[in-house]
Structures are given as structure tokens and as C-alpha cells.
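Here is a short report on a protein model.

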Amino acid sequence: MALLTPDRYFSRITAIDIEADLLGRGYRAVLLDIDNTIRARDTHQVPRDVGLWLGRARTAGVDFCLVSNNWHSDVYQFAGELELPIVAKAMKPVPAAFMVALRKLKAPRSEAVVVGDQLATDVLGAHLAGLPAYMLQPLVEQDLPHTLLLRNAERVILGDRKPEPAVHMRQAGDELAASCAPAGAGSPSSSE
């Protein structure tokens, strides 16, 4: 069962604190799933907050390699738009694709973490490759039919485990709001 237990579980990628959860743990390389992890399966769009988070992480020194089971040409185009290396047709959970991604980033296993939205591919594959795995809730409920079947097994395995609270996100939002407030402005009204 440990092979299918994520090392950390988050609501979405933006709940991962770049400093504390990545760099502070020695992870400078992130092997990153695409569909329903950073790109919504239904619209094929990257949510704005996810795009901003990726930019902040790259600026902080985090390297990414996309690792996807998708074999369509659009994943290569997507990787090109993000200017990220990719290992497509990965056949996760087979660990070989994760090793290729590590070579592309010139990163040792000790400095890498896998981030994805599925237990049977991302978490299992990471653990078979000897890598830690951060699991995310999928961006949207729409998914491929076989993936939807696997989601039922995920619910059983995860049981009542809830994603870690994103306390740092709320604090960052409060700090941003405070820095944008005009000088001498009072606190906002609480008459909601």
C-alpha cells in the first residue's frame, strides 16, 4: 500500500509552497504531469494561478520536466509554449520515463519530486522509480473513461485523507492585499 500512498497531498499545485515544500526539502527538480495537474482536461487551458505559480517557481530556481502518458502532438506544442522539456508517451507507472526526465534535467533522484494527480500513474510510478510523490486533486472532474474508473479506487485508497491546507497561500494573499492598500487606509469593513 505504501507504493500508492502519496508523500504529500495538495488541493492543487498552487498549494505547494515553493520555498518550504520544494526548495526547503532539497527538491530543485519537479517531474510534472500535465493533464488535470497543470492543464484542465476539459478546456486544455492552464488556470491563471497555476501559470503564475510555475513562473514563480522557475524564478526561484526550480527546474521542471513534463512527464505525460499523452501521446498526441498537442503535448509537445504545450511543452514548447512553456519552454519546458517533456517526456511524452511515458507509460507511467513504468519508471523509465522518470529516469529520462531526470537525465534531461541533469538532476539526481535526491533533488527531485514527482507532482501529478493520479495514484496509479504518478504516485506509483514515482515510488517505483525511487522518487517522492506529491499528489494533487485533479483540476476538473472531466477525465478519460479509464481514468474515471481508477478515481474510484483512489477514493478507497485515500479514504478520508484530505489535502493539506494551503495556509501559506492565505498568508501570501493577506500580505499582498496589505502591500496594495493605500497608505493610512484603515482595515476593510467586515459588514459582509
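Lys92 is buried, at 6% relative accessible area. Buried means under 20%, exposed over 50%, and partly exposed in between (1.4 Å probe, protein chains only). Lys92 forms a salt bridge with Asp122, 2.7 Å from N to O. The pair joins distant parts of the chain, 30 residues apart: Asp122 sits in helix α5 (residues 119-128), Lys92 in the loop between β4 (86-87) and α4 (96-105). Asp122 is buried too, at 2%.

This is a predicted model: local features need pLDDT of at least 70, side-chain atom pairs count only at pLDDT 80 or more, and totals for chains, interfaces and linings use all residues. Residues are numbered from 1 along each chain as its sequence is written, and side-chain values use heavy atoms, without hydrogens and water.

A salt bridge puts a side-chain nitrogen of Lys or Arg within 4 Å of a carboxyl oxygen of Asp or Glu. The count comes to ten. Among them are these:

| Pair | N to O distance |
|---|---|
| Asp122 and Lys92 | 2.7 Å |
| Asp63 and Arg28 | 3.1 Å |
| Asp35 and Arg41 | 3.5 Å |

Asp35 is buried at 7% relative accessibility, and Arg41 is buried at 17%. Asp63 is partly exposed at 32%, as is Arg28 at 24%.

The fold has seven helices and six strands. Helices (H or I, at least four residues) and strands (E, at least two) are DSSP runs, numbered from the N terminus. Of the 192 residues, 43% count as buried.
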